[in-house]
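Hi everyone, thanks for making the time. Please have a look at the sequence and the structure as they come up on the screen, and then I'll walk you through them.

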Amino acid sequence: MDDYIVFEEVAKTYRMGETEINALDGVTFTISKGQFVIICGASGAGKTTVLNLLGGMDNKTSGRIIVDNRDIGSLSSKDLITYRRLEVGFVFQFYNLIQNLTARENIELASQVCKSSLDIDHVIDQVGLTDRKKNFPSQLSGGEQQRVAIARALAKNPKLLLCDEPTGALDYITGKSILKLLQEMCWNSGMTVVVITHNLALTPMGDQVIRLKSGRIDSIVKNKETVSIDRIEW
Amino acid sequence: MKTALYKDNYREIRSSLGRFLSIFLIVAIGTAIFAGVKASAPNMKRTADLYYDDSKMMDLRVLSSLGLTDDDMTAMRSVYGVERVQPSYFADVVSKVGSVEFVFRIHALPAEQLAIQSQDYLNQVKLTSGRFPQAPGECLIEDSNAFDLGLKLGDQLEISSGKKEDLTGILKMSTLTIVGKAVSPYYLTFDKDASDIGSGKVDFFLMMLSTDFDYPVYTEALITVVGARDLDSYSKAYLALVEKVQSQLENLVAERAEVRLVELKAEATKQLNQARLDTDQQLKDAKAEADLKLREARAEAMEKLNEANLKLKASEDKYIREIADAEAELNKAHAKLISAETELATEKKNYELRVADAQRQIDSGEKDYQQGLADYNEALTSYQEAEAAYGQTVQDLNDTTAELNQINDIVNEQLEDYTTAATSQGITEITSAYAEAWYYFPFVPFILTVVDPSDTSATTPSETETTPTETETTPTETETTPITEEPTTTLSESTTEPAPSTIEPTTEVTTTPSPSTVYALTAEQVAQLLEIQQQSQSALARLNNLNNTAKTSIDNAKVQLDNAEERLQDSRAQLDQAKLDLAEAKSTTYSDFAKADREVSTGNMQYESAYATFISRKNAGKAELDQAKQQIKEETQRANDELNAETLKANEKLNEETLKANEQLVRAEDKIERLSQPNIYVLDRSKLYSYADYAMTADRMDALSKLFPIFLFAVAALVSLTTMSRMVDEQRSKIGTLKALGYTNMEVGNKFLSYAILPSFLGGSTGVIIGVRTFPRFIFNSWSMMYTLPPMQEVPQYLLMIGTVAAGVFVTAYAAFSACSKELKTVPAQLMRPKAPLPGKLILLERFTGLWRLLSFSQKVTLRNIFRYKKRFFMTEIGIAGCAALLVAGFGLSDSIRLIVDRQYGGIFTYNLGAHLEPTAKPGDINEVAELLLSKPEVASLTQVTSMNVRIKKDGDEIAVTLITPNDSIDFLNYVSLQERQNHKQISLPSSGIVLTEKLAKELNVQKGDSISVDNGVEAIKKIEVAGLAENYIFHYAYISREAYAQIFRIPPENNYLMVKLINTNLQLEKTLASELIALDQVNSASYFSDVSKKFADMVVSLNAIVYALIISSAILAFVVLYNLTNINIGERVREIATIKVLGFYHREVSQYVFRENVFLTLIGSAIGLGVGVILHRTIMTSIEQEGIMFGNHISAKSFLIAYLLSCSFSVLVSLFMHKKLKDIPMVESLKAIE
């Protein structure tokens, strides 16, 4: 169970013309399977970079990234896509739904590319969008759109769910309900969930809280007792 | 200075160089093609105009069918505006070069000018090699860059008129020497005017000294117009200037022609009348002569017949007469014969009677005589008997005497011996002796008796007769006596004495009983013997006595008998005489009768033979007569036949002469008719074939320049629009920021306008310069194969260039403006926020739930995307469809050109070989050639037609056409398939009216049922109704049936062309056969279609340039449009793409997700393009169509397929190109980017 995900001295350097920006500078942490992990930190601390590297969307500059005993950092481009396709689910701040597809179709788009997809309608029910599944994204509210995005991620039945500021564009109540959904998914299905947020109020709900600062680990706190989102107010 | 803004603009370009370049390129391409093609026509025309000016090309050319005189020239010189008049000649001749006959048009070079080495004349030619003609018979020949005749300087050309007549009255010589080669402004084109000789088209020109021509009048006048040289030959100003002079000249020439016409017509009419009179007279004379000859012949024949008939009559009469005579004679002879026969019969009857009488007499005489003879014989017998008896008696007497003596002796002896020996002797001996005695005994009485009556019986025959009878009775009496005595005595005698045999005879007569008695009696016997002796003595004495008496009576009898005999002999004699007489008479009569009979039979025979002769003669005579009759009949027949034949011949000759005379008259009349419609032409340059053809080619290029570049411009505009729209979208927040910072709309918009204007200006300028400098040259050079021109002269076309660039700039600027105008009007606050993505919505198709459900998820997405971005959809469709349309048009062009050759020489002309006879050929020659051809194994069949070069006129248009008049209108259809193009309906040649080929009708603007004028160059111009339009692609043909032709032109045409079908044809075979044909004296030229079709294919190959241009531009179009649009598409949807990439779509799946739309759009667009291509093809075909050639609107299925596949593959290529770009889209940045 331990060390489902291992980050070992991972560094990421962006080259912008002549200047080099070290987005990550030797980050090391581990995540166990089924944990609800919260990564937090200030803007530009490298939260998203960690998430991108973890999700196989970007390549590390150095270090090792092990997910389920596989070195993600050294996978070929195609294997990386397969990894994304089968093992990772993403939820973005701005939902990134395909505008031209209905809610259900957006979910279908994801479920159709993986092998062990969940039943779409069940997932839709899970996220509470039974009545809105035939609507286009533009016809949905932000929360609803994010629910669609979560449903899209969940439908793939991923081992790892990565959420980048899922509530960033949402109001409090809606954000809370989204977080609740995520927490429940983690608890109920044993899925490993990594959530990026700059809302420090949320840290009690995570099994582990990783704080980043300027590309480095500021602190890693492991909560013995996680708190349900319902009991967190901010 | 808002340098920051400019800096931003500059950096904008640097950072999006691809976008900048795409605008630059699309504008450059559009302007280059447009300006380039557009500039071609002026350049071409300019080049020609300068060439015309340099060579002092005439502006007007005056032609008259009456010819032109020096007076005409003077008159024309006085016309206002006329600069110069140069009288000249031209003539069409034919000559064989190698085995091919070419038509040459000889033009005159002014001899006076050349003599003084002056170049001051009109229509100057440019020497390319050799020198100008100086001596008679020298010529310049065309230096053609299209076709090399293979003639060198110094070669000689043998020319002829190409008609039945020779060159007299046209040229002074028929052998020309080539002294130089030249090009003439008169002939820019290799294709030249039509000619009425040879192949019907002028092939090359020749130039000769004007003094070499033999015409009595000038054939043309070349005229220049004051001030025309300064104008462009192809400009309206030029045409207007020339037209003024042209109309004046037309009036002048027409007036002069009228005067001349009156003269000529009077002359011609006089000639015609004279000819008519002459021919009438000739005909009359001929007829009279023929009549006279016939009459004479008839009279002669009649006379001969009459004579023969008379002779026949005479011989018949004679025959009848002779026969009658012969018959009469014969009858007379016959009558005589019959009377002779009757007489003879009577005589015969009388004679029979008389003979019977005589016979009867003779018979009675004979009877008497027989009686007498019998009596006599009796008497004789009696006598002989008597005589015999007498002789016997004498004998007996002697014997008896002897015996008696002997008996006496015996008796004496016996009487002596009697006592001794007479006892033992047998009774038998006695008996025999007795018998012996007995035997002789009867005679004794007889003898006794004879002696007594012998006196009386010997006196007469009748007495003698009675005497024997008496005598006979006597023995009977005597017999009785001995019988009664003997039986007793015999027995006794035989027993007594055997020796009495010797005594017997003695005893027989007288003493028979003596022996018996001898034996029987002994003493007594002796007594008896003695008595006997005594008796014998007495008997002897009596005998002697008797003997004497008998002797006397016998002698008496003998006398009597002799007398009787004598009498008998007399009567016998008499009888014999009578018999003899009778026989004699009989024989005489018989012989007479026989003679008479013979005479009669001779007569009969004679008559018969005479009759036979008569009959045979009659028959012979009849046969002779019949023969004579037959002969006469035959002679009559022969005479009649001869007469008929002669009449026929005379009639034929008369007919022939009439026909000939009529033909001459018709020709003369036609000539007058032609005179009364004098062909006076004042032609400007536009009537010059090469001028017109060249102008048309230039205009054709102009038409193309309107078609394609506009198309490309539209594409450029659309590309700019989408590009700018995308840019504006991308820069939305920047616009908002700038506006928020306080920049004016103008300043902000300027950025986008300048972004559009800069590349379009640069691209436009580059394109125009390149286009104008390269395209006209390329086009000019590709046409120069067909035109003889100096190198191209460029016309500075600033207006065009500036205009084109301005148009390009305007189009893109306008696109940019319309793209950003909406954004500029929007308030900054809204602009700062991200633009709401285009909402997804249900498309129409989703309402058809059933259908929608059939589609796969990705298909649904694709369809929804397509309809979501409508602008892009239409753009793509236009681009792809345009590409496919261009390809279809390009391949279709190629198809149509190929079709022309295939249809023309495979479907329409189904014969393989054509042979043209010499114009001088005699009517029978074609049959000889035909037979020769048919004897060849490779020849399947052939048909004869008349092929002539005619001009067909309609409302001022005049087109040279080959008129075909088949010998057999039905069979002809096996060689040329006449059918309507659209519905393939067969056209059969009607007995009236003419069938035109489709293109010809189109050029003449006539329909079925309209009437056109046909000028066959010889006879008068005739109006004929158009009876049908036939499918045809190359050259102009008109077809007319023989009956119709003869009816219209009054003179039936002579067959002069053979259409030959071969078995298993190939080029080599056709070539061999053609050269064999040409070698014949009667054959003028032979063409084989394997070759013709190849030649034609070469000719149209220049059009392939257009095909390539179309294919290349379509490819460019497809790339530019598809690349651009795909680029925009990707740019707009980068988030979406990043998202699906994040979702774990493989690269291929991502490409599919994006390009599925492209594929779909390509498939649809290409299909639309095929339809558009058909229209485009038709438009192109119409604009490039040439005279005399009809391009069918044919695009093969293969072309459609290739066009479709090619445009699809362009799309695929672009997709492959863009695949990499999709692959490189960074997910993280794309998703993060919210400006």
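This is a predicted model: local features need pLDDT of at least 70, side-chain atom pairs count only at pLDDT 80 or more; totals for chains, interfaces and linings use all residues.

Let me begin with a question: which side chain does Arg104(A) meet in a salt bridge? The partner is Asp121(A), at 3.3 Å from N to O. By salt bridge I mean a side-chain nitrogen of Lys or Arg within 4 Å of a carboxyl oxygen of Asp or Glu. This pair links distant parts of the chain, with Arg104(A) in helix H3 (residues 103-111) of chain A and Asp121(A) in helix H4 (residues 120-127) of chain A, 17 residues apart.

Residues are numbered from 1 along each chain as its sequence is written, chains are lettered from A and ligands numbered from 1 in the order in which they are written, and side-chain values use heavy atoms, with hydrogens and water left out.

Now over to chain B for another salt bridge. Glu1076(B) pairs with Lys936(B), and their closest N and O atoms are 2.7 Å apart. Glu1076(B) sits in helix H25 (residues 1067-1079) of chain B, and Lys936(B) in the loop between helix H21 (925-934) and strand E13 (939-954), so the pair ties together parts that are 140 residues apart in sequence. Glu1076(B) is partly exposed, at 35% relative accessible area.

A buried example comes next. The side chains of Arg1133(B) and Glu1136(B) form a salt bridge at 3.2 Å, N to O. Arg1133(B) is buried at 2% relative accessibility, and Glu1136(B) is buried at 9%. Some salt bridges also share partners: Arg104(A), Glu108(A), Asp121(A) and Lys133(A) are joined that way into one network. Over all chains, the count comes to 31 salt bridges.

So where do the two chains meet? On the chain B side, 28 residues are in contact with 28 residues of chain A, contact meaning heavy atoms within 4.5 Å. Together the chains bury about 2600 Å², 63% of it on carbon and sulfur atoms. That buried area is the accessible area (1.4 Å probe) that two parts lose on being put together, summed over both. Phe857(B), Leu1143(B) and Tyr1146(B) supply 26% of the area that chain B buries against chain A, more than any other three residues.

How many salt bridges cross this interface? The rule finds 2. Arg864(B) and Glu105(A) meet in a salt bridge across the two chains, at 2.4 Å from N to O. The elements giving two or more residues to the chain B side are helices H19 (857-868), H28 (1134-1142), H29 (1147-1184) and H31 (1227-1232) of chain B. The largest share, 6 residues, comes from H28(B).

What about disulfides, meaning pairs of cysteine sulfur atoms within 2.5 Å? The count over all chains is 0. For Cys1208(B), the nearest cysteine sulfur is that of Cys883(B), 9.0 Å away. Cys1208(B) is buried, at 14% relative accessibility.

One more residue to look up is Lys181(B), in strand E8 (residues 175-183) of chain B. Lys181(B) counts as buried, at 17% relative accessibility. A polar atom of its side chain lies 3.0 Å from the backbone oxygen of Leu151(B). Leaving aside residues up to four places away in sequence, Lys181(B) touches several others, including Lys126(B), Thr128(B), Asp143(B) and Leu153(B).

Let me finish with chain B as a whole. Chain B has 31 helices and 20 strands, and 48% of its 1235 residues are buried. Among its contacts with a separation of 6 or more, 83% are between residues 24 or more positions apart.

Definitions and conventions: Helices (H or I, at least four residues) and strands (E, at least two) are DSSP runs, numbered from the N terminus. A disulfide is a pair of cysteine sulfur atoms within 2.5 Å. Buried means under 20% relative accessible area, exposed over 50%, partly exposed in between (1.4 Å probe, protein chains only). A polar contact is a pair of N or O atoms within 3.5 Å; within protein, one must be able to donate a hydrogen and the other to accept it, and residues adjacent in sequence count only if both atoms are side-chain atoms.
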